[in-house]
Amino acid sequence: MGKRTDALLEQYTQKIVSQLKDRLSTDGSNATGDLQRSFRGEYTKNNISIFSNYYWYWVNYGRTPGKTPPPYRPILEWMKVKGLANEMSESKQKKAAYRMAQSIGIKGYKGTNFLDEVIGNILPILTKDIEQSYLEDLNDIINGSQ
């Protein structure tokens with residue numbers, strides 16, 4: 001790719017990460033902030049990569065009913081952050097988190113679709129911007145100014 005297109009894709013890499021973080025803040029799924037802080041982007045020739053904690057998938061897509069329950073320890077951490085465990089003994093906290101995990105395994109839960117929404121909003125604009133910058137890069141090559 002040319003200089004303009006590379007610069008544009010680097011900007012979009014950071015824009016995607018920023019919008020993912022913002023979306024998590026506004027949709028109420030940012031309990032501990034770990035997922036939000038874990039997002040980072042990397043642009044290498046012709047490739048935008050976005051990295052984050054493994055559980056982004058379940059936050060985005062949710063879990064279908066009747067599946068293996070999630071581990072209870074992250075739920076315990078979530079309970080503490082939300083203040084749901086403040087007046088419980090440690091053993092009661094663990095039991096409550098375990099029961100919640102079992103319930104999630106049985107009932108499932110709906111995802112937030114934060115990733116799908118961000119990509120869906122950015123993709124049309126990104127496509128137009130890439131087209132324009134690529135044409136400008138190509139024009140520079142043809143005119144010998146690159």
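A polar contact is a pair of N or O atoms within 3.5 Å; within protein, one must be able to donate a hydrogen and the other to accept it. The structure described here is a predicted model.

- Asp-6 is found in helix 1.
- With a relative accessible area of 13%, Asp-6 counts as buried, because buried means under 20%.
- Its side chain makes a polar contact with the side chain of Tyr-43 at 2.6 Å.
- The side chain of Asp-6 also makes a polar contact with the side chain of Lys-45, at 2.8 Å.

**Nonpolar cores**
- The largest nonpolar core has 16 residues, and those touching the most other members are Leu-20, Leu-24, Leu-35, Phe-39, Phe-114 and Ile-122.
- Helix 1 (3-26) and helix 6 (114-143) are the elements that give two or more residues to this core.
- Helix 1 supplies the largest share, seven residues.
- Another core, of seven residues, lies apart from this one; among them are Ile-75, Leu-76, Met-79 and Ala-101.
- Beyond its neighbours within four places in sequence, Phe-39 is in contact with residues including Val-17, Ile-50, Trp-56 and Phe-114.

**Aromatic rings**
- There are seven aromatic pairs in the structure.
- One of them, Trp-56 and Tyr-57, is edge-to-face, with 5.8 Å centre to centre and 75 degrees between the planes.
- Tyr-57 also pairs with Tyr-61, and this pair is tilted: 4.8 Å centre to centre, 50 degrees between the planes.
- Tyr-57 and Tyr-61 both lie in helix 3 (residues 56-61), four residues apart.
- Trp-56 is partly exposed at 26% relative accessible area, as are Tyr-57 at 41% and Tyr-61 at 40%.
- One aromatic cluster is formed by Tyr-54, Tyr-55, Trp-56, Tyr-57, Trp-58 and Tyr-61.

Conventions
Residues numbered from 1 in each chain as written. Predicted model: local features only at pLDDT ≥ 70, side-chain atom pairs only at ≥ 80, totals over all residues. Heavy atoms only, no water. Core = buried A, V, L, I, M, F, W, Y, C linked by side-chain atoms within 4.5 Å. Buried < 20%, exposed > 50% of the residue type's maximum accessible area, 1.4 Å probe, protein only. Contact = heavy atoms within 4.5 Å. Phe/Tyr/Trp six-rings, centres within 6.5 Å; stacked < 30°, edge-to-face > 60°.
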